[in-house]
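Here's a quick briefing to read with the model open beside you. Take a look at the chain, then work through the points below.

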Amino acid sequence: MIIFSKETLREALNGLRVLKLPKQVMPVLRQVLVFGYEELTEFAGTTLDQYLRYEGTGTSTEALRILVPYELLNNVAKKADAGTDIKIEAGDTPRIRYHASGVPIEEPFCPVELAEFPAVPASDGDPIPLPAGVLAAMNEAL
């Protein structure tokens, strides 16, 4: 299970928004690759020409990688209560859990196979941390 905050999800989606994932022709490109590590959560998306990855705080009960539809994550970011935790569970019937207006919500989804997602390109350099307001300013400028 991967657990992260609504704020982490919103920051990740703000960065991935520039890829216009919902408008991609191939279904696999409309997915967000979510990585869960002990104290780190990563969100990645690609258009085959561009690849973006966001690292944020979160926890995971095990090292887990799953493809989640961008539209589902976007809807969860809009509906979820502020300060609430969002949980992604893998398995035979993967699901995402959160609270909206104080009510627990559980939404199952059909993930695309991980093997179909394009390989993560290798990077030689170190990641560049951006101040918190940069993503919001870039989104506003777009």
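Let's start with Glu 55, which is partly exposed at a relative accessible area of 38% (partly exposed sits between buried, under 20% relative accessible area, and exposed, over 50%, using a 1.4 Å probe and protein chains only). Keep in mind that this is a predicted model, where local features need pLDDT of at least 70, side-chain atom pairs count only at pLDDT 80 or more, and totals for chains, interfaces and linings use all residues. Residues are numbered from 1 along each chain as its sequence is written, and side-chain values use heavy atoms, with hydrogens and water left out.

**Salt bridges**

- There are 7 salt bridges in the structure (a salt bridge is a side-chain nitrogen of Lys or Arg within 4 Å of a carboxyl oxygen of Asp or Glu).
- Glu 55 pairs up with Arg 53 in one of these salt bridges, and their closest N and O atoms are 2.8 Å apart. Arg 53 is partly exposed too, with a relative accessible area of 44%.
- Another salt bridge joins Glu 107 to Lys 79, with 4.0 Å between the closest N and O atoms. Glu 107 is in strand β9 (residues 103-108) and Lys 79 is in helix α2, so this pair ties together parts that are 28 residues apart in sequence. (Helices, H or I with at least four residues, and strands, E with at least two, are DSSP runs numbered from the N terminus.)
- Glu 89 forms a salt bridge with Arg 97, and here the closest N and O atoms are 3.0 Å apart. Glu 89 is buried at 16% relative accessible area, while Arg 97 is partly exposed at 31%.
- Salt bridges with shared partners link Glu 89, Arg 95, Arg 97 and Glu 106 into one network.

**A look at Arg 95**

- You'll find Arg 95 in strand β8 (residues 95-100). With 19% relative accessibility, Arg 95 counts as buried.
- Its side chain makes a polar contact with the side chain of Thr 93, at 2.6 Å (a polar contact is a pair of N or O atoms within 3.5 Å; within protein, one must be able to donate a hydrogen and the other to accept it, and residues adjacent in sequence count only if both atoms are side-chain atoms).
- If you skip neighbours within four places in sequence, the residues in contact with Arg 95 include Lys 87, Glu 106 and Phe 109 (contact means heavy atoms within 4.5 Å).

**The nonpolar cores**

- The largest nonpolar core has 27 residues, and Leu 9, Val 34, Phe 43 and Ile 88 touch the most other members (such a core is a set of buried Ala, Val, Leu, Ile, Met, Phe, Trp, Tyr and Cys residues joined through side-chain atoms within 4.5 Å).
- Helix α2 supplies the largest share of this core, 5 residues.
- Apart from this core lies another one, of 8 residues, including Val 28 and Leu 67.

**Helix α1**

- Which residues of α1 are buried? They are Lys 6, Thr 8, Leu 9, Ala 12, Leu 13 and Leu 16.
- Looking down the axis of α1, the buried residues fall within an arc of 155°, so they line one face of the helix (the arc is that of the directions from the helix axis to the C-beta atoms).
- The buried residues of α1 pack against elements including β1, β2 and α2.
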